[in-house]
Every structure is written in structure tokens, then in C-alpha cells.
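Here are my notes from a pass through the model, in numbered points. Have the viewer open while you read.

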Amino acid sequence: MNREVVEVQVRAVLPLEGSFAVFLGNADKTFVIYVDESVGTAISMFMRGVAKDRPLTHDLLGSVLMAFGARVERVVINHVEGSVFHARLILSAANELHQRKVVELDARPSDSIAMAVQQGAQIFVARSVFDAVEDVTDTLAQIEKRGLEQPSAEAGMGGEAEEIDPDDLDLEGLDLEDDDEDDEDDFDDGYQGQDDDDEEGEEWKKSDG
């Protein structure tokens with residue numbers, strides 16, 4: 001059973017036509033997850049520390065966690081099926097009435113990444129997923145060379161963020177679908193027959209006491 005994980009960081013968040021590309025990686029490899037505009041904008045704003053007049057969805061969730069003495073411990077992107085990724089959001093909570101408790105939730109990678117960036121939590125990828133995804137380090141280098149490292153703070157909020165035309169980049173072979181397709185007729189929670197994922201989650205809990 002493979003419980004090995006690899007730590008990654010958000011290396012760039014870039015606007016495309018109708019979606020955002022979130023580049024995750026480390027010194028060895030970079031891969032991309034495509035997310036919807038609202039979450040892509042939220043991730044970008046959290047990375048830039050942009051203040052908001054009113055709390056948005058992920059701000060609200062963070063405030064709710066804080067109110068109950070909980071926080072995001074880490075995120076594990078633990079399964080990929082085609083172009084669709086799945087993740088686990090690991091929360092910890094402790095207060096004067098209860099001992100520390102660890103809770104693990106099924107979550108979209110896009111939302112999980114947004115919460116991790118907001119709270120400064122670590123992001124991990126299962127080794128099996130990390131080995132399976134395509135390395136787009138060279139693509140990111142192309143983008144950085146063109147000076148499009150991050151979208152503007154106003155991207156998706158009425159600002160003039162420059163969109164990237166996928167035809168201008170070396171994205172051949174990459175699927176531009178979002179990470180969180182939710183077609184009810186073809187719904188698959190991503191864990192059918194994936195015993196390793198569930199047991200991996202239990203291992204996280206055991207390791208945290």
C-alpha cells in the first residue's frame with residue numbers, strides 16, 4: 001500500500017479563457033489543475049494578501065473554522081481520474097472543552113488549495129498522483145519568461161487581467177477541463193475501489209494522535 005506523499009507549493013495561478021490554471025509543484029516537477037474562475041480568483045487574492053470589502057465563500061469558511069477552534073492542517077490531493085482530481089482536507093480542532101481532534105473531509109482540490117493558501121497550510125500530493133501527472137515545468141518557464149507569472153489582484157473582480165491563449169503555449173496533451181466536473185448522471189466520487197485512499201486517511205489520523 002502506497003501512503004507516500006510529496007509536498008508541493010502553488011507556483012502560479014494564471015487566467016485562461018473561462019477558467020484558471022493552478023500550477024502546483026516543487027523542484028522536481030510541476031503539474032497543472034484547471035479550476036473555475038471564482039476559485040482561481042480566490043486563490044490568487046489569498047496569495048497576494050488582497051483585502052476584501054466583504055467576506056467571500058472561502059473567507060467565510062475560514063471564519064467558521066476559527067469560531068470553532070479549528071483550522072486547516074493540510075491538504076492531500078490523493079487521486080486523479082482522467083483530468084479530474086480529488087483531494088482530502090484535513091482539519092484539526094482543539095478547545096478548552098475537548099482534546100485535539102483531527103477530521104478528514106472529501107473536497108474539491110480547487111477549494112482545498114484556496115483554504116490551504118488562506119491559512120498557510122501544507123499541500124501534499126500522493127506519490128501515485130505525482131508520478132502520473134504530466135510535467136509542465138517547461139510550460140511554466142515559458143509563461144514566466146513572458147512576464148505573466150501572476151494575474152492582477154483584480155482578476156475576476158472587474159480588473160483587466162491579461163488572458164492566456166492556450167494556443168500560444170506548449171499545452172499539447174493537457175486537458176483544459178476543470179478539476180471538479182460534477183455531472184450528476186456520471187457522478188463518481190473518485191473513491192470507488194480506492195481502499196488505499198481511505199486507509200491513507202486513517203493513517204493521517206493515527207499519526208496525529
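**Notes on the model**

1. Let's begin with A70, which sits in strand β4 (residues 70-81). Helices and strands here are DSSP runs (helices H or I, at least four residues; strands E, at least two), numbered from the N terminus. At 17% relative accessibility, A70 counts as buried; buried means under 20% relative accessible area, exposed over 50%, and partly exposed in between (1.4 Å probe, protein chains only). Leaving out residues up to four places away in sequence, A70 touches L65, S92 and A93, where a contact means heavy atoms within 4.5 Å. A70 and K101 are 31 residues apart in sequence, and their C-alpha atoms are 9.0 Å apart in space.

2. A word on ground rules. This is a predicted model, so local features need pLDDT of at least 70 and side-chain atom pairs count only at pLDDT 80 or more, while totals for chains, interfaces and linings use all residues. Residues are numbered from 1 along each chain as its sequence is written, and side-chain values use heavy atoms, with hydrogens and water left out.

3. Now the overall layout. The protein chain has 6 helices and 7 strands, and along the sequence they follow the pattern β-β-β-α-α-β-β-β-α-β-α-α-α. Of the 209 residues, 44% count as buried. Taking contacts between residues at least 6 apart in sequence, 65% join residues at least 24 apart. The chain exposes about 11,300 Å², with carbon and sulfur atoms supplying 45% of it; accessible areas come from the Shrake-Rupley method with a 1.4 Å probe, and for residues only the protein chains shown count as cover.

4. The axes of α2 (residues 57-67) and helix α3 (residues 109-119) come within 10 Å and cross at roughly 60°. The contact is made by H58, D59, L61, G62 and L65 of α2 and by D111, A114, M115, Q118 and Q119 of α3. For the geometry, axes are lines fitted to C-alpha atoms, for helices over the stretch in contact, and angles run from 0 to 180 degrees between N-to-C directions.

5. How much of α3 is covered? Mostly: 8 of its 11 residues are buried, namely P109, S110, S112, I113, A114, M115, A116 and Q119. G120 follows α3 and has a positive phi, near 70°.

6. Back on α2, check the surface. L60, L61, V64 and F68 make a nonpolar surface patch of about 390 Å². Patches are made of residues with over 30% relative accessible area and no salt bridge, with like charges joined within 9 Å and nonpolar side chains (Val, Leu, Ile, Met, Phe, Trp, Tyr) within 5 Å. V64 lies in helix α2 and, at 37% relative accessibility, counts as partly exposed.

7. On to charges. Side chains of opposite charge can pair when their charged atoms come close. The structure holds 8 salt bridges, each a side-chain nitrogen of Lys or Arg within 4 Å of a carboxyl oxygen of Asp or Glu. One of them pairs E4 with R127, the closest N and O atoms being 3.6 Å apart. E4 lies in the segment before β1 (5-15) and R127 in helix α4 (residues 127-132), so this pair ties together parts that are 123 residues apart in sequence. E4 is partly exposed at 44% relative accessibility, and R127 is partly exposed as well, with a relative accessible area of 26%.

8. Which other partner does the R127 side chain meet in a salt bridge? That is D131, at 3.4 Å, N to O. R127 and D131 both lie in helix α4, 4 residues apart, about one turn of the helix. Through shared partners, salt bridges join E4, R127 and D131 into one network.

9. Last, the D36 and R108 pair: a salt bridge with the closest N and O atoms 3.6 Å apart. D36 lies in the loop between β3 (30-35) and α1 (37-48), and R108 in the loop between β6 (101-107) and α3, so the pair ties together parts that are 72 residues apart in sequence. D36 is buried, with a relative accessible area of 17%, whereas R108 is partly exposed at 26%. R108 and F85 are 23 residues apart in sequence and 7.6 Å apart in space, C-alpha to C-alpha.
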